[in-house]
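Here is a short note for someone opening this structure for the first time. The points below can be followed with the model on screen.

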Amino acid sequence: FFFFFFFQAEDGIRDFCLSRGLGDVYKRQLLAIGKSLTKLDIEFNGMGNEGAKYISEGLKTNTSLVQLNLRTNCIGDAGIRFICTALGVNKTVSHLSLAHNEAKKFKCVGEMLKVNKGLWHLNLEDNKVEDKAAKAIGEGLKVNKTLLGLDLGYTYIMSEGIKAISEGLEVNIALRKLYLWWVVGNFAQKNVLNEAFAISLTECGSEEE
């Protein structure tokens, strides 16, 4: 069962970050039908941290949702933490998009990767990932054994961050798809990620043999 949402917020504004987020009426509507959802697309809704907090509360108890798209929702660091905390508990969401939001401190994503065992594909496209966050993601990749796809396209990551993620990729034994088009910040470092990913795939192949 797929549902595409475009919420009217309490302030009457229907567009992106101009809104204060999801109104209580729409929160109740989501809660009422949420138990049967398998795919939820809430992109371009400007929900912000408030909306992300509400979604996270639902994720903690939901046992049906498989795909969650939160792309372009003006979600900041606090909102991303809410979602990551919930995914530390949720066991059914396998595809998550946090693309094109306002957070920079994605450290919680790395922590989530250490404990989550259900996520197969993570989209962080078009975000700015600070070095500390990238290091945390790298550490998470070293431990995670279920993530199969990671999208870092158009993501702003500097040299130290790329180095940290590449170290995680070298150790990771599960990842099969890595999207890197137009990684911004240090274009020369893109090859470092590709080489680390290649090493990971080689090691996985030898283990399977």
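1. Start with helix α2, residues 48-61, where the buried residues are Gly-48, Gly-51, Ala-52, Ile-55, Ser-56 and Leu-59. Viewed along the axis of α2, these buried residues fall within an arc of 140°, so they line one face of the helix. As background, an α-helix has 3.6 residues a turn, so residues three or four places apart point the same way. Please keep in mind that this is a predicted model.

2. Next, the packing of α2 on α3. The axes of α2 and α3 are 8 Å apart and the angle between them is about 5°. Angles under 35 degrees count as roughly parallel, and α2 is therefore roughly parallel to α3. On the α2 side the contact involves Asn-49, Ala-52, Lys-53, Ile-55, Ser-56, Leu-59 and Lys-60. On the α3 side it involves Asp-77, Ala-78, Gly-79, Phe-82, Ile-83 and Ala-86. Sorted by class, the contact of α2 with α3 has seven nonpolar, three polar and three charged residues. Ala-52, Ile-55, Ser-56 and Leu-59 are among the buried residues of α2 and also take part in this contact.

3. Helix α3 (residues 77-87) also meets helix α4 (residues 107-115): their axes come within 9 Å and cross at roughly 5°. With that angle, α3 is roughly parallel to α4. Ile-80, Arg-81, Cys-84 and Leu-87 of α3 make the contact with Cys-108, Val-109 and Met-112 of α4. Which classes of residue are found in the contact of α3 with α4? There are six nonpolar residues, one charged residue and no polar ones.

4. Turn now to a loop residue, Asn-144, which sits between α5 (131-143) and β6 (149-151). Is Asn-144 buried or exposed? Its relative accessibility is 3%, and because buried means under 20%, Asn-144 counts as buried. A polar atom of the Asn-144 side chain lies 2.7 Å from the backbone nitrogen of Leu-147. Apart from neighbours within four places in sequence, Asn-144 is in contact with Leu-113, Asn-116, Asn-172 and Ala-174.

5. Leu-37 has a relative accessible area of 2% and is buried. The C-alpha atom of Leu-37 is separated by 9.1 Å from that of Asn-62, and the two residues are 25 residues apart along the chain.

Methods. Residues numbered from 1 in each chain as written. Predicted model: local features only at pLDDT ≥ 70, side-chain atom pairs only at ≥ 80, totals over all residues. Heavy atoms only, no water. Axes fitted to C-alpha atoms, helices over the stretch in contact; angles between N-to-C directions. Helix = DSSP H or I, 4+ residues; strand = E, 2+ residues; numbered from the N terminus. Parallel < 35°, antiparallel > 145°, perpendicular 65-115°, else oblique. Contact = heavy atoms within 4.5 Å. Nonpolar A, V, L, I, M, F, W, Y, C, P; charged D, E, K, R; others polar. Buried < 20%, exposed > 50% of the residue type's maximum accessible area, 1.4 Å probe, protein only. Polar contact = N/O pair within 3.5 Å; in protein donor to acceptor, adjacent residues only side chain to side chain. Arc of directions from axis to C-beta.
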